[in-house]
Amino acid sequence: QVQLVESGGGLVQAGGSLRLTCTASGRTFGSAMGWFRQPPGKEREFLAAISWGGTSTLYADSVKGRFTISRDNAKNTVYLQMNSLKPDDTAVYYCTSAPNMALARSPNYWGQGTQVTVSS
């Protein structure tokens, strides 16, 4: 079992930045970690993923160049640095865990989500 707890969401003006943090517990060794989001009234979408060693990353086209995923395995933590935020980035953001990068878009563990609101 893996437990994931997100933090760092909030209200920010367009053009601003936020850093989301996800703290993991349980059987996380070797796992790929990721972030998804669900805008209001829309489906959940994949944003980014990072391999256990941090050497491999994936990004959705919608956030490539603006968002950066990173992890600190010593702290069982994964981060999502979000820059140049737009009102369209408003969503509930979820941290995820998958057995490996091949399954990063279909994770088996999810956090409870944290709200990010970007005002225009």
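Reader: How many bridges join E7 to E8?
Author: This is a predicted model, in which local features need pLDDT of at least 70, side-chain atom pairs count only at pLDDT 80 or more, and totals for chains, interfaces and linings use all residues. Residues are numbered from 1 along each chain as its sequence is written, and side-chain values use heavy atoms, with hydrogens and water left out. Strands (E) are DSSP runs of at least two residues, numbered from the N terminus, and two of them pair if DSSP finds at least two bridges between them. E7 and E8 run antiparallel, and the bridges joining them number 6.

Reader: Which residue in the turn between E7 and E8 has a positive phi?
Author: The two strands form a hairpin with 4 residues between them. Asp72 stands opposite Thr77 in E8. The positive phi, about 50°, belongs to Asn76.

Reader: Why is E8 largely enclosed by the rest of the structure?
Author: E8 also pairs with E3, in the antiparallel sense over 6 bridges, with Cys22 opposite Val78. Buried means under 20% relative accessible area (1.4 Å probe, protein chains only). E8 is largely enclosed because the buried residues in it are 5 of the 6.

Methods
Buried means under 20% relative accessible area, exposed over 50%, partly exposed in between (1.4 Å probe, protein chains only).
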